Amino acid sequence: MSDALPGDLVELLGRVRNLAVLTGAGMSAESGVPVFRGPGGLWEGHRPEELATPRAFAEDPERVWRWYRWRLERVEAARPHAGHLALARLETSAGPDRVTLITQNVDGLHQRAGSRRVLELHGAIHRARCTARCGRTAPASEVDPADSRCPDCSGRLRPDVVWFGETLDPERVGAAVEAVEACDCLWVVGTSALVHPAAALPELAAARGAPVVEVNPEPTPLSPRATVRLPLSAAEGVPLLADRCR
Ligand code: OAD
């Protein structure tokens with residue numbers, strides 16, 4: 001299997017001491033979770049960009065909640081694949097603090113595979129959060145789309161995810177930047193590398209001279225800057241990479 005990787009990549013992987021991994025929707029595609037910008041990304045004719053916004057929620061919370069419940073059902077039916085499992089094993093075998101996962105995914109599949117050091121930049125789909133001051137969190141599966149009022153106060157429960165036009169949690173972004181600044185290799189798996197600030201992380205690694213390995217069947221805006229581009233799926237490519245790390 002290692003023949004599938006170029007020799008200089010195998011050598012590079014053997015030298016990695018601090019690994020950062022950035023994942024996007026393509027990481028979960030083979031688990032059955034639809035990507036955002038490809039076929040199958042639509043819901044009842046709406047693009048995610050029309051639903052995942054504060055404005056869409058203010059206008060029609062029931063519609064937005066029904067979309068999230070539909071996505072949550074897909075996520076709950078999904079299972080981590082060989083790529084998720086390889087990352088979780090690598091975190092354990094590499095020892096404390098040597099592998100940091102930075103994900104744009106809200107599906108929790110990395111944690112379900114066993115990864116512990118995961119920075120969820122865009123939140124978590126299985127959690128709801130009160131938009132009023134009480135800040136209560138609750139399982140999203142318990143929210144009634146037709147009546148998403150908070151049981152504790154007059155606020156409204158919303159999915160605990162980051163929407164278009166919203167700011168990411170600065171602490172989480174700071175931790176992601178720190179991990180990328182400390183890494184001696186960054187893998188970028190299954191992301192179109194279009195949405196900021198996550199899209200800036202590979203640029204940051206490249207600017208520091210850290211090798212960037214991209215795993216994606218399709219080229220992306222990052223591809224010309226990647227040190228190595230593996231035109232493989234996440235379930236194929238990530239286990240190959242992980243097998244070569246010591
Ligand atoms: P996109 O849907 O924009 O891109 C998915 C990427 O995964 C594409 O580059 C595909 O080529 C690639 N891909 C598809 N199948 C794959 C597979 N089996 N293995 C590896 N790669 C595969 O998803 P993201 O880049 O994650 O934000 O999108 C970033 C953010 O934009 C999302 O987190 C979400 C979205 O709108 C928010 O909701 C805030």
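In strand β7, which residue is the bridge partner of L19?

A: In this predicted model, the bridge partner of L19 in β7 is C185. This bridge joins β7 to strand β1, which spans residues 19–23. The two strands run in the parallel sense and pair over five bridges.

Strand β7 itself comprises residues 185–189 and is mostly covered, with five of its five residues buried. The side chains divide between two directions: C185, W187 and V189 point one way from the strand, whereas L186 and V188 point the other way. Residues in both sets are buried.

β7 also pairs with strand β8, formed by residues 212–215. This pairing is again in the parallel sense and rests on four bridges. Within it, L186 has V212 of β8 as its bridge partner.

T100 lies in strand β2, residues 99–103, and touches L19 together with A20, V21, R117, L119 and A179, when residues up to four places away in sequence are left aside. T100 counts as buried because its relative accessible area is 9%, where the cut-off is under 20%. The side chain of T100 also makes a polar contact, at 3.2 Å, with the side chain of R117, one of the residues that T100 touches.

How values were computed
Residues are numbered from 1 along each chain as its sequence is written. This is a predicted model: local features need pLDDT of at least 70, side-chain atom pairs count only at pLDDT 80 or more; totals for chains, interfaces and linings use all residues. Side-chain values use heavy atoms; hydrogens and water are left out. Buried means under 20% relative accessible area, exposed over 50%, partly exposed in between (1.4 Å probe, protein chains only). A polar contact is a pair of N or O atoms within 3.5 Å; within protein, one must be able to donate a hydrogen and the other to accept it, and residues adjacent in sequence count only if both atoms are side-chain atoms. Contact means heavy atoms within 4.5 Å. Two strands pair if DSSP finds at least two bridges between them.
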